[in-house]
Amino acid sequence: MNIERSDSLARRAAVHAALADPARLRITDVLSDGDASPKELGAMLAMPSNLLAHHLRVLEQAGITTRRRSEGDHRRSYLQLIPGVLESLAGPAARTARRVLFVCTANSARSHLAAALWRQASGIPVASAGTHPAAAIDPGAIAAAARHYLRLPRQRPRHIAEVRRDGDLVVTVCDLAYEELGDLVAVHWSVPDPVPAGDPGSFDAALAELVHRVERFAPRLVAS
């Protein structure tokens, strides 16, 4: 028990040490809502690339952040917070939105699942859309929702131009959609696409990540 307690204290100390710098706190504030590439972080924080690389290395070594290669252009990577690491720390100020709009490429899996989870977690209205909508919701998404007792309305995939309204807070859950939409996006979650693999494990993994993202983000969003 003493060894476990010592390990826990060492872990907490490492996290606090990594966050004991204003620049790294700013980085975690940015990443608390969604993911960003190093280039985007550098632009948002007006920070030179060599200094940013140092701070990102400290955060990664402390187990606070991780990187995921883009499924879009395959060159850039997205920084994201590791789930649970900062749960005991105060987050940034709340955002406001009239409605949340989850977007992926086909609007056939991740965006529908995210919207379904959002309905359970928040009273703020929600919708989903795609940049290149498929003909129907993917059967794997329907099956994953059923396995986890998630109510998934059988809505047809729709294009973002058909769905988006003024005041929507656009959250992309797909690298391709994020890179296509650019400044239209308020928050990006880099969630791997389960459709190419098609197996239940891939859909369950995507759903589990979306659960964590929604649970972390919903309390910090208030209706406008």
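Trainee: How many disulfides does the structure hold?
Mentor: Before we count, remember that this is a predicted model, in which local features need pLDDT of at least 70 and side-chain atom pairs pLDDT 80 or more, while totals for chains, interfaces and linings use all residues. Residues are numbered from 1 along each chain as its sequence is written, and side-chain values use heavy atoms, with hydrogens and water left out. With a disulfide taken as two cysteine sulfur atoms within 2.5 Å, the number in this structure is zero.

Trainee: Is Cys174 buried or exposed?
Mentor: We judge this by relative accessible area, where under 20% is buried, over 50% is exposed and anything in between is partly exposed (1.4 Å probe, protein chains only). Cys104, with 3%, is buried. Cys174 has a relative accessibility of 2%, so Cys174 also counts as buried.

Trainee: What kind of aromatic pair do Tyr78 and Tyr178 form?
Mentor: Rings of Phe, Tyr and Trp (its six-membered ring) pair if their centres lie within 6.5 Å, and planes under 30 degrees apart are stacked, over 60 edge-to-face and the rest tilted. The search of the whole structure finds five aromatic pairs. Tyr78 and Tyr178 have ring centres 5.8 Å apart and planes at 65°, and that makes the pair edge-to-face.

Trainee: How many residues apart are Tyr78 and Tyr178?
Mentor: Both of these tyrosines are buried. Helices (H or I, at least four residues) and strands (E, at least two) are DSSP runs numbered from the N terminus. Tyr78 belongs to strand E2 (residues 77-81) and Tyr178 to helix H8 (residues 175-181), so that the pair links distant parts of the chain, with a separation of 100 residues.

Trainee: Which helices hold Trp118 and Phe217?
Mentor: Trp118 and Phe217 form a tilted pair, 6.1 Å centre to centre with 50° between the planes. Trp118 is buried at 0% relative accessibility, and Phe217 is buried at 1%. Because the two lie 99 residues apart in sequence, their pair ties together helix H5 (residues 110-121), which holds Trp118, and, for Phe217, helix H9 (residues 200-217).
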